Amino acid sequence: MTPALEPLRRIAAYAVATDDDGRVLLVRASSRSGTPGVWSLPGGAVDHGEDPNHTVVRETAAETGLSVAVTGLRDVLADMRSLPHRGVTIHTDRLIYSVSIRGGTIVDRVGHPTDLARWHTLEEAERLKLRQFTADALGLGSASADLRPETAPTFPSFYAHPGPDGLHRAQRFAAYAIATDPHDTSLLLTRIAPGYPGEGRWHLPGGGTDYGEQPGTALIRELVEETGQEGRLVELLGVASHRDAASLGPEGYPIDWHGVRAFYRVIVDRPTEVEIHDVGGSTSEARWVPVKQVADLPEDDLTEVTAEALRKAGLI
């Protein structure tokens, strides 16, 4: 049985880099880590306010000595990992990016949490001890080296903590939907309730993921709670990162807020009359909007993530 450990959450970004021979770049955990000798994709935690695209470039350079450029978003995964030596269980939302090598030389890092970076064929990688997210990202069946709790620990859906400047900080991962009917004639939008940041603006259905929850699962759950619609995931469209350095919400005090949001294409096969089940929450209204009218919505009436996602989907 996994002992009771303090639950933590974080967001991280990782690189899938391949060379001309089709080998993938991996880094090895050192004796300073909780899983010495285990290999994973290069990458690490997203700092508060940092764009994950910058995280993956920064962390890859630090861990391997190579400069990379992001070429695309491959996947978004979530997992729980228990670290008894640190007394914690960590839920990590992992953004997996494809990257190209711009230059540099692979270096070994004695005394750091990762000590080696090497190129491996997929056949070689499958024989290594891999972190589970790395095996999943590469489509390999390697046995997991992670210790995972049997059930998700209790963790607040919203958590803010004092930052170094005295202002409370919150970093949150969420999933949102570009949700349409089967014929792509109508788009589902929600309106933010009074008292919440962005109140009165049109927003995408979705919201924060729960501890231990996959983003796709969270999105389908939120779609039902906010609109009463049952949808199916079609594809991951992108990730948006926005920071509001002094957001004021129902908490009643300013929060340095950093939101990282994945947005997906979702189809509602059998649209029904919209019904808000989460009464009293952040959604005051939801409606089906004709797609041909979406481009006419003033951008000031949309939240940042909504405008970015709609542009990505080619709807505005």
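Modeller: Let us begin with T114, which counts as buried because its relative accessibility is 10%. Buried means under 20% relative accessible area, exposed means over 50%, and partly exposed lies in between, with a 1.4 Å probe and protein chains only. Please note that this is a predicted model, in which local features need pLDDT of at least 70 and side-chain atom pairs count only at pLDDT 80 or more, whereas totals for chains, interfaces and linings use all residues. Residues are numbered from 1 along each chain as its sequence is written, and side-chain values use heavy atoms, with hydrogens and water left out.

Biologist: With which residues is T114 in contact, leaving aside its neighbours within four places in sequence?

Modeller: Contact means heavy atoms within 4.5 Å. On that basis T114 touches V27, R28, A29, S30, E63 and R109, its neighbours within four places in sequence being left aside.

Biologist: In which strand does T114 lie?

Modeller: Helices (H or I, at least four residues) and strands (E, at least two) are DSSP runs, numbered from the N terminus. T114 belongs to strand β7, residues 114-120.

Biologist: How should I read the pairing of strands, and which residue stands opposite T114?

Modeller: Two strands pair if DSSP finds at least two bridges between them. Here β2 and β7 run antiparallel and are joined by six bridges, and A29 stands opposite T114. The order β3-β2-β7 describes an open sheet of three strands with antiparallel pairing. Its edge strands are β3 (39-40) and β7, each of which pairs on one side only.

Biologist: Is strand β9 largely enclosed or open, and why?

Modeller: Strand β9 (residues 168-180) is largely enclosed by the rest of the structure, because 10 of its 13 residues are buried.

Biologist: Which strands pair with β9, and in what sense?

Modeller: With strand β14 (residues 254-267), β9 pairs in the parallel sense over 13 bridges; I255 in β14 is the bridge partner of H168. With strand β12 (residues 206-208), β9 runs antiparallel, joined by three bridges, and G207 is the partner of A175. Strand β8 (residues 161-162) is also antiparallel to β9, with two bridges, and H161 stands opposite R169. β8 and β9 form a hairpin with five residues between them, and G166 in that turn has a positive phi of about 90°.

Biologist: How should I read a positive phi in a residue other than glycine, such as D184?

Modeller: Most residues other than glycine have a negative phi. D184 has a positive phi, near 60°. D184 is found in the loop between β9 and β10, and its relative accessible area of 39% makes it partly exposed.

Biologist: Which residues of helix α6 are buried, and against which elements do they pack?

Modeller: In α6 (residues 304-312), V305, T306, A307, A309 and L310 are buried. The buried residues of α6 pack against β9, β10 (186-192), β11 (202-203), β13 (232-248), β14 and α5 (291-294). After α6 comes G314, with a positive phi near 75°.

Biologist: How is a pocket defined, and how much space lies in the largest pocket?

Modeller: On a 1 Å grid over the protein atoms alone, a pocket is an open set of points with protein on both sides within 12 Å along at least five of seven lines, where a 1.4 Å probe fits; lining residues have an atom within 4 Å of a point. Grid points are joined across faces, edges and corners, and a volume is the space filled by probe spheres set on the points. The largest pocket holds about 1,100 Å³ of space. Its lining comprises 40 residues, with R172, Y176, Y196, P197 and W257 nearest the centre. Elements giving two or more residues to this lining are β9, β10, β12, α4 (215-227), β13, β14 and α6, and β13 provides the largest share, five residues.

Biologist: What is the volume of the second largest pocket, and which residues lie nearest its centre?

Modeller: The second largest pocket has a volume of about 580 Å³. Of its 29 lining residues, R10, S33, R81, P113 and R131 lie nearest the centre.
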